[in-house]
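Visitor: I am new to this structure and would like to learn how to read its charged side-chain pairs. Could you take me through them slowly?

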Amino acid sequence: QPVWSVSVSEMPCFSPSDDEPLAMSRRAAVFGFGAAALLAGCSRSMDLAEFEIDEFTTGTVRPKISVDRQVTQPELMYASFEDGGFVLPEVPFKKVEPKWRRQIVVDPTGEAPGTIVVRLEERHLYWVQPGGDALRYGVGIGREGFSWQGEGVIQWRQKWPKWTPPAEMIARQPQLARFSAENGGQPPGLDNPLGARALYIFQNGQDTLYRLHGSPEWNSIGRAVSSGCVRLMNQDIIDLYERVPNKARIVVWQ
């Protein structure tokens, strides 16, 4: 019987810028309008065998997972849709390893519900839920020498952000000077390195200059290629953005 439970090549990214059922809307299936229901415990636990879900974190224990209607078939989660005047292309999910796709797993972090946990070595981000579950997303991370670890908060959230490369990056890549702060940065768009959303990480009231952000480069997920930020597929960062409030705690560790 069902059990009912209460249940970010180099990618520059340092500087900030300025509920429906399946049949109703693909767009609603992509991101988390169901987050409030999930956080409120309105989810039903079912056996993992009923879903095509990777068991990467489960060890020898067969888990029970909560059903969130925004975590559904990949052809819906990674479909093309319009957002903020831009049409996101679909992600060719069959080319993405299943372990990098959005899914619900048994929480392996031990952190309190409402915490974002990024495991750099594992290349996964967890949004911890009540009742022992977590939403897991595949991520791309900073290459060696560029990543950040620590604890902070999501101080600012931005839809379709501008991107302004820092002076150090412009020194390494002079062609980026056209996107300097003096030139107004790179406008939002499908080719913007920050993608469709950005979540800005602060520590002790100071900007760490590291972000969780979207990326059009779906094939970079699971790899260490960025300039330090944690990147997600655009469809996944939109989903996460709708779930995570300002001041959410974030823990980034190896």
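Guide: Let us begin with burial, where buried means under 20% relative accessible area, exposed over 50%, and partly exposed in between, with a 1.4 Å probe and protein chains only. Here Arg 197 and Asp 83 are both buried. Please keep in mind that this is a predicted model, in which local features need pLDDT of at least 70 and side-chain atom pairs count only at pLDDT 80 or more, while totals for chains, interfaces and linings use all residues. Residues are numbered from 1 along each chain as its sequence is written, and side-chain values use heavy atoms, leaving out hydrogens and water.

Visitor: What do the side chains of Arg 197 and Asp 83 meet in?

Guide: They meet in a salt bridge, 3.0 Å from N to O, the term being used for a side-chain nitrogen of Lys or Arg within 4 Å of a carboxyl oxygen of Asp or Glu. Arg 197 belongs to strand 12 (residues 197-203) and Asp 83 to strand 4 (residues 81-83), so the pair links distant parts of the chain, 114 residues apart; strands (E, at least two residues) are DSSP runs, numbered from the N terminus.

Visitor: How many salt bridges are found in the whole structure?

Guide: The search finds ten. One of them joins Arg 119 and Glu 122, whose closest N and O atoms are 3.1 Å apart, and both of these residues are buried. Salt bridges with shared partners also join Asp 68, Arg 102, Asp 236, Asp 239 and Arg 243 into one network.

Conventions: Helix = DSSP H or I, 4+ residues; strand = E, 2+ residues; numbered from the N terminus.
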